[in-house]
Amino acid sequence: MSWVSDYKYTWFQKLAVNVIRCGPLPYHIGFVMDGNRRYATSQQIRKIDGHAKGFDKLADCLRWCLDVGIREVTTFAFSIENFKRSEEEVSGLMDLAREKFSKLLQELPKLHEHGVRIRVIGNIGLLPDDLQKLIAQTMLETENNNNLFLNVAFSYTSRDEITQAVQDVLTHGDGLLEGDISERLIEECLYSRHSPQPDLLFRTSGETRISDFLMWQLNSTILYFTKIFWPQLTIWEFLSGIFCYQRDSLNMKSFRSYERLEKIAVARNSGFYTERVQNFLQCLDTYRRNALLKWSTAQ
């Protein structure tokens, strides 16, 4: 199954997509893909097959996002807490990840055609060496694409993300002064450093928890919860989530994420950050990319 499916729309679905596109669209959507295991139980199939069905649904969802006009997607694929599950399930999930990232590398021409950039956010160092290599190769191979950004939160929790951000300041911030340490600086050190905050968070399976996902980034995000399991997600439920965003964002008179991106870009280019902070952030980007290069060439 491809990472971006060739979803076939009915004429009525095409009409609905075109109608939704007439309203304000979220720039960035987060998905908590919950319910794969419960779906497997309901269908009397193996848990790992439920997770595989969940990946297939992600491929459909990316197709819908591309066609609606969503520019960035962040999906919660594997929590650090999931390492506490049974050895059989964790091993199966690692094998599934190997299969899917290997498949992704085989279909790079399609990803380049659609302009999809893959960024894995999370503590990659906790993963098996061969999976680290596949992830690093994927990120480096797609780093110049800019039509749709797919952030896969893998080996991730928000608490770990914030902890790693503080550690990066301590490790790489020798040239910083006390006055340079701020909320904005910590935000620039998160895994999501180059992404705007999500406009819409979409969670399936009936749970109404955040589950340690993008806790720093969700301060002004519209939340949409649905009771269906992730593998059962339909385009109608997806469009309902977009409509919920359109309704609530208009009521709140909130501005769209591309405007926030422009403001961030202006701030970065107008001397908002001191030279010390700019040097630190450049050093951090270089360090993280060098880590990818190291993993991608590991034997």
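**Close-up 1. The cysteines C61 and C65 in a predicted model.** In this predicted model, the sulfur of C61 has its closest cysteine sulfur in C65, at 4.5 Å, which is too far for a bond. A disulfide is a covalent bond between the sulfur atoms of two cysteines, and a pair is counted here if the sulfur atoms lie within 2.5 Å. By this rule the count comes to 0 disulfides. C61 is buried, with a relative accessible area of 1%, and C65 is also buried, at 0%.

**Close-up 2. Helix α3 and the residue that follows it.** Helix α3 covers residues 47-68. Its 22 residues reach 31 Å from the first C-alpha to the last, a span close to the 32 Å expected at 1.5 Å a residue. After α3 comes G69, a residue with a positive phi near 115°. Within the helix, D60 of α3 counts as buried because its relative accessible area is 13%, and the limit for buried is under 20%. The C-alpha atoms of D60 and I235 are 8.6 Å apart in space, although the two residues are 175 residues apart in sequence.

**Close-up 3. The crossing of helices α2 and α3.** The axes of α2, which spans residues 36-43, and α3 come within 8 Å of each other and cross at roughly 120°. This crossing is right-handed. On the side of α2, the contact is made by N36, R37, Y39 and A40, while α3 contributes K47, G50, H51, K53 and G54. Sorted by class, the residues of this contact are 2 nonpolar, 4 polar and 3 charged.

**Close-up 4. Two serines with positive phi.** S155 has a phi near 60°, a positive value in a residue other than glycine, and S211, likewise not a glycine, has a positive phi of about 60°. Where does each serine lie, in a strand or in a loop? S155 is found in strand β4, which runs over residues 148-156, whereas S211 is placed in the loop between β5 (200-203) and β6 (222-225). As for accessibility, S155 is buried, with a relative accessible area of 0%, and S211 is partly exposed, with a relative accessible area of 28%.

**Close-up 5. H194 and its contacts beyond the neighbours in sequence.** H194 sits in the loop between α8, residues 183-188, and β5. With a relative accessible area of 46%, H194 is classed as partly exposed. Which residues does H194 contact, leaving aside its neighbours within four places in sequence? Once those neighbours are set aside, H194 is in contact with R119 and D285.

**Close-up 6. Y287 of helix α11 and its distance to H172.** Y287 belongs to helix α11, which is made up of residues 275-296. The relative accessibility of Y287 is 44%, so this tyrosine counts as partly exposed. Y287 and H172 are 115 residues apart in sequence, and in space their separation is 9.0 Å from C-alpha to C-alpha.

Terms used. Residues are numbered from 1 along each chain as its sequence is written. This is a predicted model: local features need pLDDT of at least 70, side-chain atom pairs count only at pLDDT 80 or more; totals for chains, interfaces and linings use all residues. Side-chain values use heavy atoms; hydrogens and water are left out. Axes are lines fitted to C-alpha atoms, for helices over the stretch in contact, and angles run from 0 to 180 degrees between N-to-C directions. Helices (H or I, at least four residues) and strands (E, at least two) are DSSP runs, numbered from the N terminus. A crossing is left-handed if the near helix is turned anticlockwise from the far one by less than a right angle, and right-handed if clockwise. Contact means heavy atoms within 4.5 Å. Ala, Val, Leu, Ile, Met, Phe, Trp, Tyr, Cys and Pro count as nonpolar, Asp, Glu, Lys and Arg as charged, and the others, Gly among them, as polar. Buried means under 20% relative accessible area, exposed over 50%, partly exposed in between (1.4 Å probe, protein chains only). The expected span of a helix is 1.5 Å times one less than its number of residues.
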